[in-house]
Amino acid sequence: AAEEEEGRTEGSVHAFVATVADQVVGVAVVRPATDADHLRAHYNIENFVIFEHHDGPKHGYLQHFSLNPMFTHYGKHFAAEVLRKMGMTCLYHRTYVDPAEHLYPQTLLSLVPEMVSVTRRCQVIYPKGAPMGGTRQAKSFAESTRARSVCAKGRVVTRDEDVPPYGLSFFTCKLAFEPKLTVNARIVVVGASDVAISFLESLIFRPHLHFPNITLVSAHGLPSNRANPLLPSSLCYSESETVQLALRNNINLVTAKMTAIDREKKFVAVEGGARVYYDSLVLAIGKQFQVVDHLEFEQE
């Protein structure tokens, strides 16, 4: 059973409670999505749905979703019932690097394995000092739309600098109830180089495959979490593009340095004596820079 807490007014928050034998086993909190054009402009949602068939108040953000572990496998059924009662067809979840960037408080979602990670959409970047030709009206229009996102219908939507980057997960009934193959192989990736991030991206963004046992071993964590500006930066992924991958939703992160590999027992040893066992191991440590211990100068 699902019960709605508030009325369905625009901008309101709607809460649903799942009960079994008069006991609460799940809670979901949804609010309408008023910026669907912004999502459409920045993410390849149209790879999964025809956006014109889901126009209007059929989009919502999943703010909280929690289920009793015994009923986790019923998560997609609970979410489908929430969509039916709300009259919606699409649910989204945004993942930020810093929890303080969330516009609304959110909790860890039990529905993440049933959701589909959506790839980012390349944007046209207009440099601020670039010369522009044409009439005065054309220059004025170009200046007003510069560094903005334009959706497929040509409408100008939210400015990029006004919204912090985030990763997007997507849920529809059609995608949720399609067969999805779960690959339980333990995949361990050592290093957070461009090759490693590209490899993880190729695994995560497969809508019909689910890899629940991917582990990344990196001494400095994810590239977006590097606080030291002197560390070498990526030439393939900008900081915002790395955030949009939402790797934290799909991998296990071990922030430590690898110290040894045991090929016979198939495990990777990290600092502190911990072991990370694997079925498939990928070494993508990238460039290693030599640290100069001391420099000697001769005075003339």
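Tyr96 and Tyr166 are both buried in this predicted model. The two residues form an aromatic pair of tilted geometry, with 5.5 Å from centre to centre and 55 degrees between the planes. Tyr96 belongs to the loop between strand 5 (90-95) and strand 6 (116-117), and Tyr166 to the loop between strand 8 (156-159) and strand 9 (167-171), so the pair ties together parts that are 70 residues apart in sequence. In total, 8 aromatic pairs are present in the structure.

The ring of Tyr166 also takes part in an arrangement with a charged side chain: the charged end of Arg94 is placed over this ring, at 5.0 Å from its centre. Arg94 is likewise positioned over the face of Tyr61, where the distance to the ring centre is 4.4 Å. Tyr61 is in turn a member of one aromatic cluster, which it forms with Phe48, Tyr92 and Phe170.

Tyr92 is located in strand 5 and has a relative accessibility of 0%, so it counts as buried. When residues up to four places away in sequence are left out, the contacts of Tyr92 include the cluster members Tyr61 and Phe170. Leu39, Ile45, Phe51, His59, Gly60, Leu62, Met115, Leu168 and Ser169 are also among the residues that Tyr92 touches. Between Tyr92 and Val116, a separation of 24 residues in sequence corresponds to a C-alpha to C-alpha distance of 9.5 Å.

Buried positions in helix 2 are Gly75, Phe78, Ala79, Ala80, Val82, Leu83 and Met86. In an α-helix there are 3.6 residues a turn, so residues three or four places apart point the same way. The residue that follows helix 2 is Gly87, with a positive phi near 70 degrees.

Positive phi values also occur at residues other than glycine. For Ala246, phi is near 55 degrees; this residue lies in the loop between helix 6 (239-244) and strand 14 (252-255). With a relative accessible area of 6%, Ala246 is buried. Lys266, also not a glycine, has a positive phi of about 60 degrees and is found in the loop between strand 15 (258-262) and strand 16 (267-270). The relative accessible area of Lys266 is 38%, and the residue is therefore partly exposed.

Notes:
Residues numbered from 1 in each chain as written. Predicted model: local features only at pLDDT ≥ 70, side-chain atom pairs only at ≥ 80, totals over all residues. Heavy atoms only, no water. Phe/Tyr/Trp six-rings, centres within 6.5 Å; stacked < 30°, edge-to-face > 60°. Helix = DSSP H or I, 4+ residues; strand = E, 2+ residues; numbered from the N terminus. Buried < 20%, exposed > 50% of the residue type's maximum accessible area, 1.4 Å probe, protein only. Lys NZ or Arg CZ within 6 Å of the ring centre and 35° of its normal. Contact = heavy atoms within 4.5 Å.
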